[in-house]
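Q: I would like to learn how to read helices and chain contacts in a model like this one; could you take me through a few features in turn?

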Amino acid sequence: MQLKDITPDQVIFWHKGLVSFNATILFTWIIMIIMVLGAWLITRRITSDAQLSRWQNLMEIIVNGLRDQIREISRQSPGQYLPFVGTLFLFITVSNLLSVVPGYTPPTASLSTTAALAICVFVAVPIYGILKRGVAGYLKQYIRPTILMLPFNIMGEISRTLALAVRLFGNVMSGMKIAAILLAVAPLLFPILMHALGLLTGLIQAYIFAVLAMVYIASAAQARKETEEKHLKETEKKGDKS
Amino acid sequence: MDSISMIGLGSIITAGLTIGIGAIGPALGEGRAVAQALSSLAQQPDESNTITRTLFVGLAMIESTAIYCFVVSMILIFANPFWDYIISKAGG
C-alpha cells in the first residue's frame with residue numbers, strides 16, 4: 001500500500017470482468033483463517049481438569065471478560081449477545097493488532113469492511129428487538145414519545161450506522177496514513193512510536209465498536225424489562241393492599 | 001488560472017481548513033469531558049470502572065466528528081474525484 005492509496009481496496013492483485021481480488025479480501029481471509037484455525041486448535045483438546053493448557057486459559061479469559069463486559073453494559077444475561085458482539089470485537093481486534101506485521105494492511109482501513117460490519121449491527125438490532133419484544137413492541141418504540149418523533153427515530157437509526165462505519169474506518173485509516181507519512185519524513189524511530197499508538201487506538205476502537213453495538217441492541221431489547229418491572233411493582237402494591 | 005490549478009488550489013486549501021477548524025470543537029469537547037471525568041474519579045474512586053468505560057465511549061463519540069473532518073480532508077487530498085476527472089480529461 002502506497003501513500004496515495006486511501007483504502008486497501010485500491011490494491012488489486014487479480015482482476016477479471018466485474019470480479020476483482022484486492023488486498024481487503026486477501027487480508028480478511030487471512031484473519032478468518034487465523035481465527036478459525038486458532039479456535040479449532042485450542043478447543044480441540046479442552047479439559048475441565050485443574051491442569052489447563054495455556055491456550056485454553058487465554059480463551060477462557062477472553063470469553064469470561066467478554067461475558068462480564070456485556071453483562072455490565074446491557075444489564076441482561078450475556079448468553080445470546082455473546083456470539084454476535086464477541087465476534088465483532090475479536091475480528092476488529094485481530095485485524096487492528098496484526099498491523100504490526102510488516103506488509104499487512106488492516107482490512108478495517110477499508111470503508112467496505114467497516115460498512116459491512118455496521119450493516120450487520122443495523123440488521124441485528126431489529127432482530128434482537130423483535131426476538132425480545134415481538135414485532136408490535138419493537139415497532140412501537142419508533143413512535144415513542146409521540147408519533148412526531150418517527151422521522152427522527154428513523155434518521156437516528158441510519159445516521160448512527162453511518163457513524164459506526166466511518167468512525168472505525170477513519171481511525172484505522174488515519175493511523176496507517178500517519179505511519180506512512182512519518183515513514184517518508186522521519187524514517188528511523190518515530191514511526192515505531194506512532195505504530196505503538198496505533199495499537200492502542202485499534203484496541204480502543206474495537207472495544208468501542210463492540211460496546212456501541214451492544215448499547216444499540218440492548219436499547220432495542222430493553223424497554224420490555226421496564227414494563228415488566230412496572231407490572232411487578234403494581235402487583236406488589238396490590239398484594240400489599242390485600 | 002486554468003482549471004487544473006484552480007481545482008488543486010481549492011482542494012488543498014479546503015483540506016487544510018477542514019481539518020484545522022474541525023479539530024477545534026472536538027478538542028474543546030474532549031478537554032471538558034476528561035476534566036469532568038477526572039474530578040468525578042477523584043470524588044468517587046470506587047466507581048472508576050464505570051467512569052473510565054463511559055469516558056472512553058464518550059471520547060470516541062466526540063472524536064468521531066474530528067475523524068469525519070479528517071476523512072473529508074484525506075479524500076480531498078488523495079482521492080479527489082474532481083481532480084481525477086480533470087486529469088483524465090487533460091490526459092486523454
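Predicted model: local features only at pLDDT ≥ 70, side-chain atom pairs only at ≥ 80, totals over all residues.

Q: How many residues does helix H3 of chain A have, and what distance does it reach from its first C-alpha to its last?
A: The expected span rests on 1.5 Å a residue, and for helix H3 (residues 82-97) of chain A, which has 16 residues, the reach is 21 Å, close to the expected 22 Å.

Q: Which residues of H3(A) are buried?
A: A residue counts as buried if 20 or more other C-beta atoms lie within 10 Å of its own; in H3(A) this holds for A:Val85, A:Leu88, A:Phe89, A:Phe91, A:Ile92, A:Ser95 and A:Asn96. Because these residues cover an arc of only 165° around the axis, they lie on the same side of H3(A).

Q: At what angle do helix H4 and H5(A) of chain A pack?
A: Helix H4 (residues 111-140) of chain A packs with H5(A) at an angle of about 145°, their axes being 8 Å apart, and the crossing is right-handed. Among the residues that meet are A:Ala118 and A:Phe122 in H4(A), and A:Leu164 and A:Leu168 in H5(A). The residues of this contact divide into 10 nonpolar, two polar and no charged.

Q: How many residues does each chain give to the contact of chain A with chain B?
A: Chain A and chain B each give 12 residues. On the side of chain A that touches chain B, helix H5 (150-185) and helix H6 (190-241) are the elements that give two or more residues, and H5(A) gives the most, with seven. The residues on that side divide into six nonpolar, three polar and three charged.

Conventions. Residues numbered from 1 in each chain as written. Chains lettered and ligands numbered in written order. Contact = placed C-beta atoms within 7 Å. Helix = DSSP H or I, 4+ residues; strand = E, 2+ residues; numbered from the N terminus. Nonpolar A, V, L, I, M, F, W, Y, C, P; charged D, E, K, R; others polar. Expected span 1.5 Å × (residues − 1). Buried ≥ 20, exposed ≤ 12 C-beta atoms within 10 Å, placed from the backbone. Arc of directions from axis to C-beta. Axes fitted to C-alpha atoms, helices over the stretch in contact; angles between N-to-C directions. Left-handed = near helix turned anticlockwise from the far one by under 90°.
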